[in-house]
Amino acid sequence: MCGLSDETRELITIFLQLVPAGLYITGLIEGKKGRNFFLLGVFFHVLSIIERGITMGGVPLTDKHDNISFMALSMAVSYLYFYGKGLTGFGTLALPLISAFLLISIGFKPVDTVSPFLKSIWFYVHIFLYF
């Protein structure tokens, strides 16, 4: 994302958070259409986390914005697992909650720098063991 102004990068980040939030809510539609919206939301959410990682030059788990967004992605992947097992009834609670987490993460300004400590192998080990 070199050459883009700070405002443009912030708008891209916000857009890449709003799109999955809207798609998760649209995933409440019954049947195949709802599932496809949900899967599209997961795709755009993963895309937003990849974009943050490229912008930061590391794993995007260093500030509140990224942590809350990652928590929402973890919830979405968990819902996807249970949906695959046939447990679809709790989507009425899970999908708005996932969207709410994404919208809350927008309220925190993303930090685009990473301290040298957070680029060490110990940070990655800690994150792996934590989640």
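Colleague: Is Trp-122 buried or exposed?

Modeller: Trp-122 counts as exposed, because its relative accessibility is 61% and exposed means over 50% (buried is under 20%, partly exposed is in between, using a 1.4 Å probe and protein chains only). One caution before we go on: this is a predicted model, so local features need pLDDT of at least 70 and side-chain atom pairs count only at pLDDT 80 or more, while totals for chains, interfaces and linings use all residues. Residues are numbered from 1 along each chain as its sequence is written, and side-chain values use heavy atoms, with hydrogens and water left out.

Colleague: Good to know. Which helix does Trp-122 lie in?

Modeller: Helix α5, which covers residues 121–130. Helices here are DSSP runs of H or I with at least four residues (strands are E runs of at least two), numbered from the N terminus.

Colleague: Let's go inside. Which residues in the largest nonpolar core touch the most other members?

Modeller: Tyr-24, Phe-38, Ala-76 and Ile-98 do, in a core of 14 residues. A nonpolar core is a set of buried Ala, Val, Leu, Ile, Met, Phe, Trp, Tyr and Cys residues joined through side-chain atoms within 4.5 Å.

Colleague: And which elements give two or more residues to this core?

Modeller: Four helices do: α1, α2 (32–56), α3 (64–84) and α4. Helix α3 gives the most, with 5 residues.

Colleague: Pick one core member for me. What does Phe-38 touch?

Modeller: Leaving out residues up to four places away in sequence, Phe-38 touches Leu-23, Tyr-24, Gly-27, Ala-76, Tyr-79, Leu-80 and Leu-95. Contact means heavy atoms within 4.5 Å. Two names there, Tyr-24 and Ala-76, were also on the list of core residues that touch the most other members.

Colleague: Why would nonpolar residues gather like that?

Modeller: In soluble globular proteins, nonpolar side chains tend to be buried together.

Colleague: Now charges. How many salt bridges does the structure hold?

Modeller: It holds 2. A salt bridge is a side-chain nitrogen of Lys or Arg within 4 Å of a carboxyl oxygen of Asp or Glu. In one of them, Lys-109 pairs with Glu-10, and their closest N and O atoms are 2.5 Å apart. Lys-109 lies in the loop between α4 and α5 while Glu-10 is in helix α1, so this pair ties together parts that are 99 residues apart in sequence.

Colleague: Is Lys-109 buried or exposed?

Modeller: Lys-109 counts as exposed, at 59% relative accessibility.

Colleague: Switching to Gln-17: where is its place?

Modeller: Gln-17 sits in helix α1, residues 6–26. It counts as buried because its relative accessibility is 1%.

Colleague: What is Gln-17 in contact with?

Modeller: Setting aside neighbours within four places in sequence, Gln-17 contacts Ser-48, His-65, Ser-69, Leu-102, Ser-105 and Ile-106.

Colleague: Where does Gly-91 lie?

Modeller: Gly-91 is in helix α4, which covers residues 91–106. It is buried, at 4% relative accessible area. Beyond neighbours within four places in sequence, its contacts are Leu-28, Tyr-79 and Pro-96. Ile-49 is 42 residues from Gly-91 along the chain, and their C-alpha atoms are separated by 23 Å.

Colleague: Which loop is Lys-85 found in?

Modeller: The loop between α3 and α4. Lys-85 is exposed, with a relative accessible area of 56%.

Colleague: Last one: where is Thr-62?

Modeller: Thr-62 has its place in the loop between α2 and α3. It is partly exposed, at 24% relative accessible area. Thr-62 and Gly-84 are 22 residues apart in sequence and 31 Å apart in space, C-alpha to C-alpha. For contrast, Thr-55 lies in helix α2 and is buried, at 17%.
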